[in-house]
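Welcome! Please have a look at the sequence and the structure first.

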Amino acid sequence: MTGQHHTTRDATGAVPLRDRVLAFVRERWDLVALVVLAVAPLVVPALGGALGGQVTTLFIYCILALGLNVMVGYTGLVHLGIAAFFGIGAYLFAILTVPMYPFQMRFVTAAAVSVLATAGIGLALGAPTLRLRGDYLAIVTLGFGEVVKVTLRNLEQITGGMKGLNPVPPPGAGLTVGGINLGLAFAIDPRWFYYLALVTLAGVVVAMRRLEHSRLGRAWVAVREDELAASAMGISATRVKLSAFAMSSAVAGLAGCLYAASLSTTADPNAYDFNRSIMVLCAVILGGLGSIPGTLLGVALLVGFDTVLAPWADSAIQQWNINPSGSSLLSFSGWRLAIFGLALVLVMRYRPEGLVPSRRLAAELHEAHP
Amino acid sequence: MQFFLQQCLIGITNGALVALVALGYTMVYGIIRLINFAHGDLIMLGACLALSLVSAFGMAGGGMAATWLGVALLVVLCGLFCGGLNVVVDRIVYRPLRNAPKLAPLVSAIGVSFIFMNVGLFWLGPSDRSFPELLPATNLLAGEGLQFTAKDLLVLVVVVPLMLALSLLVKSTRLGKAMRAVSQDPAAAALVGIDVDRVIAFTFFVGGFLGGAASVIYGLYINTIGFQMGFQNGLYAFTAAVLGGIGSIPGAVVGGLVIGLVRSLSSAYVGERWTGAIVFAILIVILVFRPEGLLGRGTKEKV
């Protein structure tokens, strides 16, 4: 399969406008998407309501998935507990900002501290466990995820137990810039968080791209491809893996900060359980391991399926009165898990490189078998 | 002291159950290096079938002998069901991925687990269901002291013979020999004329059969089943398999017993709600200091 785009020329030899636009979109999908998303809230009034909040959450999951992609995609380490780091970020951020604790830091300070601390926790988990073989590492991360969830639930004096920590103040609470009370603006209009999450996401995407081609990023891929050969070339595999672990944790922590701030609560610990980890992992795999556009698409598909398509299909079924007895067999969301599972199985069977594969992985997976 | 002994007894019966599930993980891992994430949910489906059979045949009102006979029948039926289902899944999902990168079957297994969970959701409904108490909770031991009920007896009566049969199967039959050969080196096994795919299918069947038996015992012993029971129980069992040394059959049994004891003792002395954290913390510590598990052989990563 070639990705070549053949432009057709009309009689005068000029490339038609439609093709030129298509070529531009193909080439600079990121800019196009950014512009569309940046303009959307000004054009679509629904984004000022509940939908805005949903899209913000989508952006936050994109950040989380990009963080996971560092470990699973670039470095090839299976991580089944990314939600734990998401949760650690959210809870640390909440502890640093909520009124019941004495810290009450500013948004940026609190975010920076919790991102660094989350990275530190990632290092602390990674340092002793990174010499484990792939499957065992997966289990350690899974176990760690469960430990974190149980701990968050049980340390009620610190984490508020099932109630979570709230209220997490919005960014810039009490700050007035140009006659706008920032805290109030964030609290009232979801579009502020929309833009904050979008800008952060764009920043993370840019950073990931630079990282991908940096010395460190290439070292990650080298270790994934062949650890032995990489060490023979003078790469310290342990250090490279540790840095991937720390980077993943840090980005997940960043996503956690935004999550807690945008919901103004940490929500209950079950928001950071194994299911969340698996969902994000599925998004990365579905979209394409190690591929930034793939990861973003994967999250959009999975989260979009859950928050947009499933409720829509359910209400449609209700409207057309297909299911008068209310049987769960005939409701769309009743099939959610099966559709999810089937998608994973089919993708692994027929397109293991994902929907938008990274070029390297696609080439590798479609090597002619001897 | 008495309290401690009682907790140990509970731990051992619980642990025997965990071990039965752990065997399913360890056998499949031993032979194709796959963490079969769907195993816990397979057992959930077995429990669904057991519940349906019990309700359909009105087993709750039988006499003592009839009840035990019925339970034996249930174990066989659910075992065959889970074993067969496991073989089918292997044939459709995992076999085409034999030469794929390692991540592919793992992710597929997660997918299969989701599909199973959805089936269980339709079968049982979204809330937990109670499993009828077929066996009386009267104490079988004389005196006021330790409690050892018919339920505890059931666990041992089913688990011990199954494990003996399994070790006989693996150690002394042709098929068992073939299983060991494939687990050591599939390519070499194929070279000496072993039908590798059939041996793998058989392994899936045996693992599934043990899981099916475990599902019946689970229903009768715990008395509550739900479509999400597979994940948590699967995780404990998998921990047991890793703890004992994944791929090692005696290891799974030892690991299961240890996990059972840890669970009951930590529930009794630290508090039920910390049990999960303690079990997984132990898992992490074991993996860090002795990654090959208690009874596993150290494996060198092949170049």
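Between which two helices of chain B does the loop that holds Arg33(B) lie? Arg33(B) lies in the loop between helix H1 (2–32) and helix H2 (39–56) of chain B. Please keep in mind that this is a predicted model.

**Chain B as a whole**

- Chain B is built from eleven helices and two strands.
- Their order along the sequence is α-α-α-α-β-α-α-α-α-β-α-α-α.
- A compact globule of 303 residues would have a radius of gyration near 19 Å, and chain B agrees with this because its own value is 19 Å.
- The C-alpha trace of chain B spans about 60 × 45 × 40 Å along its principal axes.
- Of the 303 residues in chain B, 51% are buried.
- If you take the contacts in chain B between residues at least 6 apart in sequence, 78% of them join residues at least 24 apart.

**The nonpolar core**

- The largest nonpolar core holds 211 residues, and those with the most contacts inside it are Ile63(A), Leu64(A), Leu20(B), Ala213(B) and Ile217(B).
- Helix H12 (residues 237–263) of chain A supplies the largest share of this core, with 16 residues.
- For one of these residues, Ile217(B), the partners include Leu17(B), Leu154(B), Val155(B) and Val158(B), when residues up to four places away in sequence are not counted.
- As background, nonpolar side chains tend to be buried together in soluble globular proteins.

**Two helices that cross in chain B**

- Helix H6 (residues 174–184) of chain B packs with helix H8 (residues 196–222) of chain B at an angle of about 105°, and their axes are 10 Å apart.
- Because of that angle, H6(B) is roughly perpendicular to H8(B).
- On the H6(B) side you will find Leu175(B), Ala178(B), Met179(B) and Val182(B), which meet Val196(B), Val199(B), Ile200(B), Phe202(B) and Thr203(B) in H8(B).
- By class, the residues of this contact are eight nonpolar, one polar and no charged.

**Where the chains meet**

- In the contact between the two chains, 35 residues come from chain B and 33 residues from chain A.
- On the side of chain B that touches chain A, the elements that give two or more residues are helix H4 (103–124) and helix H11 (275–289) of chain B.
- H4(B) gives the most to that side, with 14 residues.
- The side of chain B that touches chain A has 27 nonpolar, five polar and three charged residues.
- Leaving aside neighbours within four places in sequence, Val147(A) is in contact with Ala277(B), Phe280(B) and Ala281(B).
- Val147(A) counts as buried because it has 22 C-beta neighbours inside 10 Å.
- Val147(A) and Gly122(A) are 25 residues apart in sequence, and their C-alpha atoms are 14 Å apart in space.

**A loop in chain A**

- Leu175(A) sits in the loop between helix H7 (156–159) and strand E1 (176–177) of chain A.
- Leu175(A) has 14 other C-beta atoms within 10 Å, so it is partly exposed.
- Apart from neighbours within four places in sequence, Leu175(A) is in contact with Leu182(A) and Gly183(A).
- Pro167(A) is also placed in the loop between H7 and E1 of chain A.
- The peptide bond that joins Asn166(A) and Pro167(A) is cis, with omega about 0°.

**Backbone angles to look at**

- Most residues other than glycine have a negative phi, and most peptide bonds are trans.
- Ser264(A) is not a glycine, yet its phi is positive, at about 60°.
- You can find Ser264(A) in the loop between H12 and helix H13 (274–287) of chain A.
- Ser264(A) counts as partly exposed because it has 16 C-beta neighbours inside 10 Å.
- Arg33(B), from the opening question, also has a positive phi, near 55°, and is a residue other than glycine.
- With 17 other C-beta atoms within 10 Å, Arg33(B) is partly exposed.

Definitions and conventions. Residues numbered from 1 in each chain as written. Chains lettered and ligands numbered in written order. Predicted model: local features only at pLDDT ≥ 70, side-chain atom pairs only at ≥ 80, totals over all residues. Helix = DSSP H or I, 4+ residues; strand = E, 2+ residues; numbered from the N terminus. Rg over C-alpha atoms; globule rule 2.2 N^0.38 Å. Buried ≥ 20, exposed ≤ 12 C-beta atoms within 10 Å, placed from the backbone. Contact = placed C-beta atoms within 7 Å. Core = buried A, V, L, I, M, F, W, Y, C linked by C-beta atoms within 7 Å. Axes fitted to C-alpha atoms, helices over the stretch in contact; angles between N-to-C directions. Parallel < 35°, antiparallel > 145°, perpendicular 65-115°, else oblique. Nonpolar A, V, L, I, M, F, W, Y, C, P; charged D, E, K, R; others polar.
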